[in-house]
Structure formats: structure tokens, C-alpha cells
Amino acid sequence: MKRIKFLNCNLDLLTMEETVKYIDDKIQKNTFIQQVVINVAKLVNLQNDKELFKSVNDSHLINIDGMGVIYGAKFLNLGIKKEHKVSGIDLFFNLLQLSEKKNYKVFLLGATDEVINSTYSKLKFEYPKLDIVGFHNGFFWEKEEEVVTKIKNSAAQLLFVAITSPKKENFINKWKKALNVNFVMGVGGTFDIVSGKTKRAPLWMQNSGLEWFYRIIQEPKRMWKRYLITNSIYLYLIFKEKLKKKF
């Protein structure tokens, strides 16, 4: 596994197939893996958020989620390829297929009660042999230990955390030793998409690095300012790094 450093963040250069195989091997060996996916927003935010920086860089597996990161790393000649894009939602579905095939136990954590219940029902329909041993909404901050105990007692091997960043990364890093799972990853708004609450960007937009623009179209009031600021800072950081390499 090749690991590079990009804007103070470790990135693992693995394809989707290599990532799934790596995770499967670790689960079979009963080895714990803390995984995280990196997009432009997270990359920008961890520059000044020490806790998020630590939560991300403490992870055993750090995949690239989003063409924006790919383009930026290519601009800096870091040996990255388009095939190294491993989006969180695609990895989620690949791991569900793996879990159904290998009889791995899964726990779902996050979103509202309505969304998590709908997600559970839809996944059981799509993957009838998938062993979902538990699920819980993402609004549990006054009873974190209780939820961690619930996950631990479920005997789950894979835990998917659908909470906004940086809460999910920091929760995972804080409780990783107590969760008693083999694999844990944050999946952001994945449950919203599975449940039908929101839609995913068309494939051509995903491949062009325009998923952020699709999110603005869906939620303009909430997203336009966030992406304008984040993307502007990202471009500044990349050009700053490029100049540093030149001189």
C-alpha cells in the first residue's frame, strides 16, 4: 500500500478493488481498521482543526473521495491516478456485498429515526442475507457510552457511521478501542441517499468532480456559501504548495 502526503494529510493510493480486499483480509485476521475518506471540504477543514487532523491521520486506511482531491494531487505531481478515487458511498455498497457473501455482521449508526429505519428496511430488501445486527440514530451525544455499549454488545464486525464531519471522525477516533468491531468508517450522508431523502449526483458529475455543485443545486441556501469558501481556500492551498515546490 503506497501512502503519500498531500496538504498535511496522509492518503493511501488504492483502487476500490484493492481497498475491499485489504479490508476483507484484515477482518479475516481479526485486525481492527479505522477508515476515513477525504474530500476537498475535509482536507481544508483539517488544516486548522487539530482534533479532526488527528482523527484523520490516526486512521489506518485513508481513501480519496472526490475528483477534486485527485485533480489537486495530480497538479502537484504526487503520482495519483483517477483509479485511486474510492468514494465513501461506493465503498459502503461494496462492503455490504462482501458482508452478505462472507456473513460479516453489520451495525448502522446515524441520521434521523425516520432515515435510519428506512435505510434498514431498504438494505434488508436489497441484501436479504445481510446480517444487520443493530442500528441507531445519530442524535445520541448525551448518551455516547450507552450507544458504544450497544454497538459492542451487538458483536458487529463492520460499523458504518452516517454523521456529519467532523463529528463522525472524532467520535470514531475517541471510541475506537471500546467499539469492539473489526472495521469502522464514516459514511456521511449515505443513509439519506439510501432512504431516498436525497439523491446522488449523476455519474458524469461524479466523474467530473462536480458532486459538490449538485449538492448546491439540491440545498442552495445551506451549501453555496460553504462550497464557495471551501473551494476557494483549497485552490489557494494548492497554488501555495506548487510555488513552494518551485522555489
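**Core, charges and backbone: a group meeting talk**

Val40 has a relative accessibility of 13% and therefore counts as buried. Buried means under 20% relative accessible area, exposed means over 50%, and partly exposed is in between, with a 1.4 Å probe and protein chains only. Val40 belongs to helix α2, residues 40–45. Helices (H or I, at least four residues) and strands (E, at least two) are DSSP runs, numbered from the N terminus.

Some ground rules. This is a predicted model, in which local features need pLDDT of at least 70 and side-chain atom pairs count only at pLDDT 80 or more, while totals for chains, interfaces and linings use all residues. Residues are numbered from 1 along each chain as its sequence is written, and side-chain values use heavy atoms, with hydrogens and water left out.

Now the interior. In soluble globular proteins, nonpolar side chains tend to be buried together. Here the largest nonpolar core has 31 residues, and those with the most contacts inside it are Phe92, Leu95, Leu108, Phe160, Phe183 and Phe191. Which elements each supply at least two residues of this core? They are α1 (16–28), α5, β5 (105–110), α6 (113–126), β7, β8 and α9. Helix α5 gives the largest share, five residues. By a core I mean a set of buried Ala, Val, Leu, Ile, Met, Phe, Trp, Tyr and Cys residues joined through side-chain atoms within 4.5 Å.

Next, the rings. Rings of Phe, Tyr and Trp (its six-membered ring) pair if their centres lie within 6.5 Å; planes under 30 degrees apart count as stacked, over 60 as edge-to-face, and the rest as tilted. That rule gives 10 aromatic pairs. One of them is Phe92 with Phe191, a tilted pair at 6.0 Å centre to centre and 55° between the planes. This pair links distant parts of the chain, 99 residues apart: Phe92 is in helix α5 (88–102) and Phe191 in helix α9 (190–195). Both Phe92 and Phe191 are buried. Phe160 and Phe183 make an edge-to-face pair, because their planes stand at 65° with the centres 6.4 Å apart. Phe160 is in strand β7 (158–162) and Phe183 in strand β8 (183–186), so this pair ties together parts 23 residues apart in sequence. Phe160 is buried at 0% relative accessibility, and Phe183 is buried at 0% as well. Phe92, Phe93, Phe160, Phe183 and Phe191 form one aromatic cluster.

On to charges. Side chains of opposite charge can pair when their charged atoms come close. I call it a salt bridge when a side-chain nitrogen of Lys or Arg is within 4 Å of a carboxyl oxygen of Asp or Glu. How many salt bridges does a search of the whole structure find? The search finds 10. Among them is Asp131 with Lys105, at 3.1 Å from N to O. Asp131 is in strand β6 (131–136) and Lys105 in strand β5, 26 residues apart. Asp131 is partly exposed at 30%, and Lys105 is partly exposed at 29%. Another bridge joins Lys174 and Glu144 at 3.8 Å, N to O. Lys174 sits in helix α8 and Glu144 in helix α7 (144–154), 30 residues apart. Lys42, Lys168 and Glu169 are linked in a network of salt bridges.

Last, the backbone. Most residues other than glycine have a negative phi, and most peptide bonds are trans. Asn8, found in the loop between β1 and β2, has a positive phi of about 70°. Leu7 is buried at 9%, whereas Asn8 is partly exposed at 46%. The peptide bond from Ser165 to Pro166 is cis, with omega near 5°. Pro166 is in the loop between β7 and α8 (167–179).
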